[in-house]
Amino acid sequence: VAEIGTPERSIITTCAYCGVGCSFEAQMRGDEVVRMIPYKHGKANRGHSCVKGRFAWGYANHGDRILSPMVREAITDPWRETSWDEAISFAANRMRAIQDEHGRDSVGVITSSRCTNEETYLVQKLARAVLGTNNTDTCARVCHSPTGYGLKTTFGTSAGTHDFDSVEFCDVALVIGANPTDGHPVFASRLRKRLREGAALIVLDPRRIDLLDTPHLGEAHHLALRPGTNVAVLTALAHVIVTEGLIDEAYIRARCDWDEYLAYAEFVSDPARAPEAVAEATGVPADAMRAAARRYAANGASAIYYGLGVTEHSQGSTTVMAIANLAMLTGNIGKPGAGVNPLRGQNNVQGSCDMGSFPHELPGYRHVSDPEARGIYERLWGVTIPDEPGLRIPNMFDAAVAGEFHGLYCQGEDILQSDPDTTHVAAALSAMDCVIVQDLFLNETASYAHVFLPGSTFLEKDGTFTNAERRINRVRKVMAPRNGYGDWEVTQLLANALGGNWNYTHPAQIMDEIAATTPSFAGVSYSLLDAVGSVQWPCNDAAPLGTPMMHGDGFVRGKGQFIHTEYVATDERSGPRFPLLLTTGRVLSQYNVGAQTRRTDNNVWHAEDRLEIHPHDAENRGLKSGDWVRLASRVGATTLRALVTERVAPGVVYTTFHHPTTQANVVTTDNSDWATNCPEYKVTAVQVTPSNGP
Ligand code: SF4
């Protein structure tokens, strides 16, 4: 503060990192942020923040920002700075030429869960209304797409059921495949407070997470399962609940189909699904599973919080449905302190899914084959929308390699670094005739791009983010866009160069269009958000101030649906050549591929990704902490330093994916969830050997 001076004004906005969605007061002097203060009236954070959000402006003025558009004929050519007009018409001409030669479905768009609702809405509109294709996807494909499939199938809508406040009423917290103290720190603080007050903790995770070391923690269970066996363990828990008579029969009779339940009960009661039968395969002792199931099903309110350790598996969608089964069996939906709550990794995963970014869904989760839903947009936009789903991100890559997909507009997502099997992604990008990257920095994907359109930070834009509890928060511009345009304006420029006739002058108008066409957003407007701070969707005539808890009286789909969750072992198994199983995660101070946090001075720790390895496995390889190791899978190899720790079990190794020097996704494979193609980042069979360094 002493260097920059005292603030002249302050503006309330929303953190652009994780799905907690903390509100901040950005204190400004001119166009400089003096400091960011956690906003005490922020409904998601109530005056708290973590270190990432607290210093979230450092990268905005970083020298690596690209502020001028750039183009090049071929990816082997040097970049050439140019005007916005030339860059936009260069991009539009290439995309149109591709479509003229190869058809409208030869191009596609990818939007980001980092962008605002208004921006993602416009990107999918660009695809459907201007390019005439459903080839639109979002980076939620690689994180929470199984949540969308699983919760929509079982409950009827693709969203967490409860708000963060609800944690204060839980008696049991079942945390599955999530590490909230690093990934969702402000929510983790509230959860820890509840644990200190006496709530029991059950953790289902291959790795020991910090929540288990909460001071004054009472009852705690850690089921340190083998990576890839979530469904077997969760179904075993259901087996115990059903066969030991721990169900909430009145709830099931009232809220679910009893005959369907009976069929499910027969399925789950099979002795082959008992804890004793799956203990060896899962690595979890049977008595530990039985104790955890009894505790979860005990009287009171039990809440489930889960993360990407649930979704990023070949059975990611099945795992989400196994979680929903547990909650329905025990009546833990529709009351305070309970629920099924996905902890969204990025700030706007929920929103980018809500906004119709997926190739099969229009905004509000309405399938593109639904003529009534399609008709709303066709009348408004004056176009015909294809009634078949478009390509998902991995399908785009496969089609590009096969010579059937030629042009991509990618906004706010470094797909080369963050998607699995980097070699395959690189092959796909290099096969395309036009790759348009819109980002803050010249990211790894941009090395395969023909057009670079400078992006804007959250500090430079108006809009909304929707957090993990469905809370729609305002993002407010605190400084002018350094590149001259907000991201939504760039999409509009591109749309109009491609023949669109868009005339938005402020993101509020985009939200008005969203509200007019999306029933769950019908009551949302900037004036409402400015008046009440934030609302949780559904927000409409039935709930003018939003809905903190869903499925209170009945499920959105009517009756809750039990799904028979058959465990199918992943193809990714350890063996003589690749004897260890790798799983991945993140640390508190860094964020995803680190594009922002690595460029923020205050986040100086965690300067490199390390490979956590159990002392037993380290000793077998002659390794100690700090040694360089080569980490290899069947698709690739990388080099990083070892960290010997008992946090991971023997046979399991773990690393983060924050640094491009490591490129952890060089080793992750193209295995994916059977229903959604979400990559199986969390299980990779690997070999670890000593190395002399990179
Ligand atoms: Fe809040 Fe998440 Fe931002 Fe931290 S990173 S301040 S927990 S929104």
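In the predicted model, the ligand sits in the second largest cavity. Two elements give two or more residues to the shell around the ligand, namely α1 (51-54) and α6 (185-196). The residues that surround the ligand are C15, Y17, C18, G21, C22, F24, C50, K52, G53, P185 and V186. By residue class, this shell divides into eight nonpolar residues, two polar and one charged.

Helix α9 covers residues 258-269; its 12 residues reach 16 Å from the first C-alpha to the last, close to the 16 Å expected at 1.5 Å a residue. Within α9, the buried residues are W258, Y261, Y264, A265, F267 and V268. When α9 is seen down its axis, these buried residues fall within an arc of 165°, so they line one face of the helix. The other side of α9 carries D259 and E266, and both are exposed. As background for this pattern, an α-helix has 3.6 residues a turn, so residues three or four places apart point the same way.

Spanning residues 286-297, helix α11 has 12 residues and reaches 17 Å between its first and last C-alpha, close to the 16 Å expected at 1.5 Å a residue. Buried positions in α11 are A286, M289, R290, A292, A293, Y296 and A297. Seen down the axis of α11, the buried residues fall within an arc of 165°, so they line one face of this helix. Although arginine counts as charged, R290 is among the buried residues of α11.

Helix α2 takes in residues 84-102, has 19 residues and reaches 27 Å from its first C-alpha to its last, close to the 27 Å expected at 1.5 Å a residue. Its buried residues are W84, A87, I88, F90, A91, A92, R94, M95, I98 and Q99. Just after α2, G103 takes a positive phi of about 100°.

Backbone geometry is the next topic. Most residues other than glycine have a negative phi, and most peptide bonds are trans. Against that background, Y365 has a positive phi of about 65° although it is not a glycine. Y365 lies in the loop between β13 (361-362) and β14 (366-367), and it is buried, with a relative accessible area of 8%. H551, likewise not a glycine, has a positive phi of about 60°. The loop between β20 and β21 holds H551, which counts as buried at 4% relative accessibility.

The loop between β20 (534-536) and β21 (580-585) also contains P538. The peptide bond leading from W537 to P538 is cis, with omega near 0°. C539 is found in this loop between β20 and β21 as well, and at 0% relative accessibility C539 counts as buried. The C-alpha atom of C539 is separated by 5.7 Å from that of S520, 19 residues apart along the chain.

Further pairs link positions that are separated in sequence. C353 itself belongs to helix α14 (residues 349-354) and is buried, with a relative accessible area of 5%. In helix α8 (residues 249-255), Y251 is buried, its relative accessible area being 11%. The C-alpha atoms of Y251 and G554 are separated by 11 Å, with the two residues 303 residues apart along the chain. P227 is found in the loop between β10 (220-223) and α7 (230-243), and is buried with a relative accessible area of 6%. From C-alpha to C-alpha, P227 and R207 are 9.5 Å apart in space and 20 residues apart in sequence.

Note on methods:
Residues numbered from 1 in each chain as written. Predicted model: local features only at pLDDT ≥ 70, side-chain atom pairs only at ≥ 80, totals over all residues. Heavy atoms only, no water. Near = heavy atom within 4 Å. 1 Å grid on protein atoms, 1.4 Å probe; cavity = no way out; pocket = protein on both sides within 12 Å on 5 of 7 lines; lining within 4 Å. Sits in = over half its atoms within 2 Å of the grid points. Helix = DSSP H or I, 4+ residues; strand = E, 2+ residues; numbered from the N terminus. Expected span 1.5 Å × (residues − 1). Buried < 20%, exposed > 50% of the residue type's maximum accessible area, 1.4 Å probe, protein only. Arc of directions from axis to C-beta.
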